[in-house]
Amino acid sequence: MFPEVLKRVGEQLSNALPFVVYRKPNRKEIHAILQKDDMVHHTSDFSEKGFVFAPFAKQSPVILLPYDEQLTAEIPSDNPFVMGAVDTLESVAQDKDYHLHLVAQGIQEIHKGRLDKVVLSRKMEVDCPSAPLEVFQRLLATYDTAFCYLWYHPKVGMWLGATPEILLRTSNNSLTTMSLAGTKPFVEGVRPAWGKKELEEQRLVTDYILRALEDKVSNIRESEVESSQAGNLWHLRTRITAVYKNNLRAIIEALHPTPAVCGMPLQPAQRFIAENEQYDREYYTGFLGELNLRQEISRAKSERNQENKSYKVIKTATELFVNLRCMKLTDSKATVFIGGGITRDSDPEKEWQETVAKSNTILRVINP
Ligand SMILES: C=C(O[C@@H]1C=C(C(=O)O)C=C[C@H]1O)C(=O)O
């Protein structure tokens, strides 16, 4: 039962033991993974089983919560937690000046021909009077199409988010990923009119992913570009599917970080971010999710099934999401992380506004 799972998660928190509680996009159940001790486990090559939590920086270790205890419960349809008021918080003028300057530097670097695209971000700290599990329930009630989670490890910290972006999904040997970029505000009843800038920016990401996977998978296919709603925003999205063989590590390494969160070419973009953002992204723009989860799927009787019995299929599945629209919770403060892709035609003021709109996605769940 839902209240029982939340109660167990609450106890885990009071006992300072690691856990994650999450709901997948468009699903009606929550899952919780409770670790029995407070050790910090890592993955070495993504062959392990557990829930991974990876930072943006590639050289930093990826944390793994082993599947010590797994709980699942259906979310009641009368979840009383509705979203709070959308406070368009005025960020401090100093933050704005710094971000405008950072974006202008990024644009300059692109004009000099050193970069094609770079994703530049900032963080902001706000008061968070609500309990973490309350904020999580408000996320669930607000963002049906996102991957919503609350993650905690006493030796690492507490993170919470509602991300619209899949890093990858595998089920046996089929692989799905997506290219997500371009942002416009969501207006009820109005389809977004995408301009050349957003279409080109998103195409760059798609081409990058196709090239990165080219020699690692077969049967690679891309969908049409579609508009995808993420809370109060629209993004452009292409779905990419392929067949792969037991080389999950190589695929994760090829994909992370994609130019949806870092830039192109990869290394100069990484360097530019490290030298200019002036803060540590930590787990923002990293990735998280189920790694090598064994699933038993019941299949109904079929004509080809000679004994005419229902039967079970065992699958191993991995489902990883990019850690966007997220925050770090410490005591009664929340640090929200937001960014946007900068290309040749970016305008610093508009990029600032985009980070304000993105921050509202997550800020609206902090206050009742
Ligand atoms: C970097 C973020 O989002 C990414 C950047 C986008 C953009 O530049 O339009 C859109 C979706 C994400 O891939 C963020 O939300 O912080």
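**How the terms apply to this predicted model**

Author: In this predicted model, the axes of helix H1 (residues 2-14) and helix H3 (residues 132-142) come within 11 Å and cross at roughly 140°. Residues are numbered from 1 along each chain as its sequence is written. Local features need pLDDT of at least 70, side-chain atom pairs count only at pLDDT 80 or more, and totals for chains, interfaces and linings use all residues, while side-chain values use heavy atoms, with hydrogens and water left out.

Reader: Why is H1 called oblique to H3?

Author: Angles under 35 degrees count as roughly parallel, over 145 as roughly antiparallel, 65 to 115 as roughly perpendicular and the rest as oblique; the crossing is at roughly 140°, and therefore H1 is oblique to H3.

Reader: Which residues in H1 meet which residues in H3?

Author: With contact meaning heavy atoms within 4.5 Å, Phe2, Leu6, Val9 and Gly10 in H1 meet Leu133, Gln137 and Leu140 in H3. The residues of this contact divide into five nonpolar, two polar and no charged, where Gly counts as polar.

Reader: What makes E6 and E15 edge strands?

Author: Strand E6 (69-74) and strand E15 (263-264) each pair on one side only, in an open sheet of nine strands with the order E6-E2-E1-E8-E9-E18-E19-E7-E15 and antiparallel pairing.

Reader: How do you know that strand E1 and strand E2 pair?

Author: Two strands pair if DSSP finds at least two bridges between them; four bridges join strand E1 (residues 19-23) to strand E2 (residues 29-34), so the two strands pair. Val21 stands opposite Ala32 in E2.

Methods
Axes are lines fitted to C-alpha atoms, for helices over the stretch in contact, and angles run from 0 to 180 degrees between N-to-C directions.
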